[in-house]
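Hi,

Here is the structure I promised to pass on. Have a look at it first, then read my notes below.

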Amino acid sequence: MELHVKNREKLLKSLRQHLTETSRPLYGFVLLQGGEEKTRYCTDHIELFRQESYFAYLFGVKEPGFYGAIDIATGKSILFAPRLPADYAVWLGEIKPLSCFQQQYMVSMVHYTDEIVGVLHELSNVLEKPLLFLLHGLNTDSNNFSKPAEFEGIEKFEKDLTTLHPILTECRVLKSDMELALIQFANDISSEAHVEVMRKTRVGMEEYQLESIFLHHTYMYGGCRHCSYTCICATGENSAVLHYGHAAAPNDKILQDGDMALFDMGAEYHFYGSDITCSFPVNGKFTSDQSLIYNAVLDAHNAVIAEMKPGASWVDMHKCDGSKHLRKKETHTIVMATTIFLFFFCTEVLH
């Protein structure tokens, strides 16, 4: 949990600096709403919960229904926990006291979610309508917006919907040593699982059987209950489908002799994920054409890795040409396309 303490300190420092540079007072509260549990349509089956990523970054809370606040003036961190009904203990286990959450998540104080208005007004001291910095901004990958916190009584506060998102997003871009250690673990266990899949791949198996091997290994030996994304276990012509493996194409083709496999799978550990893609022949032997393309991609990959360093241009990385196996005029399209993909992959792991 020290990681999340450091993350809050990092945000607080960046936000205070921004307010100072824009001649704004150093008061108000960062307020984020955590994720909510969802049931499967109209049933009582609750889907396995995974915390909202911005909230996870700042507070590390694994339970649903929480809110979190940071007092800009004092630096104090406050969690607001849902007030659970008595029968929760029968169905879902122990109802933890607030002191348990305070100790577990290393925050300054913990209150119930129905106390947000009173607690924040009391902490703000003299302000009639305290200022809330709420998370609202566009995710350019999905074109979806982050959801700003909502709660009963929010009209009693002033709201700032533009300041927090770019600052918090920038904080998440540059990883600390603690974050890198988590990412390294997720990558290590995922790499082990990919090797295990390769060892057990045989002609005649179903793609989903190899997905299950990966999931078992990362959960059994790494404690990774979640994946970073839906596993892509593509063989043959399915390898050309970028996001194969979804419900309409559920990794269910039988592996044929001579097929190439493209497996894109990554485990997640404590909210930090890996993203690993690899290709190999399902029968264990490359044809001459398969070997030619594979090594062209490998050379392109190695050329990009060799050139990557702080200050390197993203555009220049796309132009790296490391192929030794084909003449330039034959490989230009291949190397450009694969280099773009591989460089995207290499950077995606760290974000």
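A quick term to start: contact means heavy atoms within 4.5 Å. Leaving aside neighbours within four places in sequence, Leu 11 is in contact with Val 30, Leu 58, Ile 70, Leu 164, Ile 167, Leu 168 and Cys 171.

Before going on, note that this is a predicted model, where local features need pLDDT of at least 70 and side-chain atom pairs count only at pLDDT 80 or more, while totals for chains, interfaces and linings use all residues. Residues are numbered from 1 along each chain as its sequence is written, and side-chain values use heavy atoms, with hydrogens and water left out.

The pLDDT (the predictor's confidence in each residue, from 0 to 100) averages 92 for the protein, and 91% of the residues score at least 70. Over residues 329–351 the pLDDT is below 50. Where pLDDT is low, the predicted coordinates should not be read in detail.

Now the nonpolar core, a set of buried Ala, Val, Leu, Ile, Met, Phe, Trp, Tyr and Cys residues joined through side-chain atoms within 4.5 Å. Buried is under 20% relative accessible area, with a 1.4 Å probe and protein chains only. The largest core has 34 residues, and Leu 11, Leu 32, Leu 79 and Leu 168 touch the most other members. Apart from this one lies another core of 17 residues, including Met 109 and Phe 151.

Finally, Tyr 269 stands opposite Tyr 272, which is in S13 (strands are DSSP runs of E, at least two residues, numbered from the N terminus).

Cheers

Key: Buried < 20%, exposed > 50% of the residue type's maximum accessible area, 1.4 Å probe, protein only. Pairing = 2+ DSSP bridges. Helix = DSSP H or I, 4+ residues; strand = E, 2+ residues; numbered from the N terminus.
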